[in-house]
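The sequence and structure come first.

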Amino acid sequence: FCSPRDFSEAEKMSSAARPVVTVLSTTEDGKTVGTLPMPDVLLTPIRQDIVHRVHVNMAKNKRQPYAVNSKAGMQQSAISWGTGRAVSRIPRICGGGTHRSGQGAFGNMCRGGRMFNPTKTWRKWTAKTNTNERRAAVCSALAASSVPALLMARGHRVSELAEVPCVVANELESISKTKDAMAFLKTIKAMEDVDHVKDSRNIRRGKGKMRNRRYVMRRGPLIVFENDNGVNQAFRNIPGVEIACVDRLNLLVLAPGGHLGRFIIWTQGAFEKLDTVFGSYAAGSDVKKTFNLPRPSMSNADVARIINSDEIQSKVRSAKSGFAKPTRKRNPLVNLGSMLKLNPYVAQMKRAETALMLVNAGKKRRLAAKDPKDGKKKASLGKVQAGSKFAETLQGTPETPCASFLDSYNKVEETGFGKKTGKK
């Protein structure tokens with residue numbers, strides 16, 4: 001038997017990779033009675049999304065309609081008091097002499113009132129699913145049942161099993177006693193899974209325990225047969241074991257809860273009939289018209305192995321030593337390199353501005369090096385000289401007209417200006 005560690009990641013998610021399957025004996029431990037080729041339906045892609053969607057829709061078809069009584073909460077005599085009484089306008093119980101009178105009624109917020117939007121029996125309880133979609137989901141569930149890793153992930157105890165899928169001789173269909181059925185399960189090392197189902201029996205949580213479904217337990221092996229010669233009667237009383245005909249495989253049984261990886265025990269006749277029921281990649285089905293088996297998108301899902309193969313590596317170019325980093329758009333007003341690509345003259349302008357800044361900075365340094373007091377003295381002396389020159393321009397001469405007026409004006413001006421200059 002192959003454990004999950006013996007499978008690659010691609011084989012875990014695909015399906016069985018064995019070309020032939022061994023047919024085991026029903027009475028002798030470890031004895032084989034022949035081999036059978038692997039049916040194509042067990043090699044189809046495993047689509048968890050399709051299985052889950054179809055299972056949800058199919059599970060709705062078994063629901064029983066329910067509804068509350070149409071008169072519930074509406075069997076009182078109540079009427080609203082209207083406006084003007086500073087109370088809400090909810091209908092109130094009529095009459096008097098009791099605490100019940102005047103209490104709200106009918107509304108879903110009232111004690112003893114009806115529920116909001118009372119349930120009706122004419123709700124849409126069922127859901128339709130495309131026929132070929134259901135068939136594709138069944139194919140995926142069957143393919144998952146042939147992968148040991150998925151069986152173990154679902155919780156089945158198959159560590160002692162000879163191989164998966166488990167195929168036994170047609171004598172299984174003639175077993176009619178439960179005692180012989182238990183002996184058969186021990187022979188093929190499937191009793192461990194049945195014991196696990198027995199140990200899992202517990203009381204259901206919630207109110208379902210009051211509604212004739214008090215106990216819950218896990219699912220055990222699924223026996224798939226071709227002809228019922230008593231096998232149904234033999235296995236029907238073993239907890240967890242279910243029976244199904246190969247012509248009427250149901251997704252609710254192949255993937256309980258929408259979870260892939262049901263442990264299936266096939267009879268030889270049922271295993272051989274899979275190609276007839278579901279068809280193969282070479283021929284179509286004899287039963288299901290307009291249906292073809294789903295084909296895998298890739299024949300080998302190990303992408304790393306494909307890329308590293310000699311056939312691919314011989315055609316690809318050698319790896320580059322370096323790589324070009326992705327360019328990033330930069331703002332030319334902030335980034336000088338981007339601006340130089342747009343306007344190379346910016347470099348010359350920058351150099352000219354830098355040179356002018358250096359010249360101005362030199363002038364400032366030279367002016368700062370001089371004594372500031374000498375500059376103030378020269379400034380005050382210049383003002384005095386300018387004032388005296390202005391006063392000379394105002395003074396007149398004897399040759400000018402009105403000499404007497406100018407003589408008196410000059411005396412006044414000399415006296416006044418001299419005082420001012422003296423003060424300064």
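Buried means under 20% relative accessible area, exposed over 50%, and partly exposed in between (1.4 Å probe, protein chains only). At 2% relative accessibility, phenylalanine 271 is buried. The model is predicted, so local features need pLDDT of at least 70 and side-chain atom pairs count only at pLDDT 80 or more, while totals for chains, interfaces and linings use all residues. Residues are numbered from 1 along each chain as its sequence is written, and side-chain values use heavy atoms, with hydrogens and water left out.

Rings of Phe, Tyr and Trp (its six-membered ring) pair if their centres lie within 6.5 Å; planes under 30 degrees apart are stacked, over 60 edge-to-face, and the rest tilted.

| Pair | Centre to centre | Angle between planes |
|---|---|---|
| Phenylalanine 184 and phenylalanine 235 | 6.2 Å | 85 degrees |
| Tryptophan 266 and phenylalanine 271 | 5.9 Å | 70 degrees |

Phenylalanine 184 lies in helix H5 (178-187) and phenylalanine 235 in helix H7 (231-235), so their pair ties together parts 51 residues apart in sequence. Helices are DSSP runs (H or I, at least four residues), numbered from the N terminus. Phenylalanine 184 is buried at 1%, phenylalanine 235 at 0% and tryptophan 266 at 0%.

Serine 145 lies in the loop between helix H3 (131-144) and helix H4 (148-154) and is buried, with a relative accessible area of 5%. Leaving aside neighbours within four places in sequence, serine 145 is in contact (heavy atoms within 4.5 Å) with Leu151, Val164, Arg262 and Ile264.

Note on methods:
Helix = DSSP H or I, 4+ residues; strand = E, 2+ residues; numbered from the N terminus.
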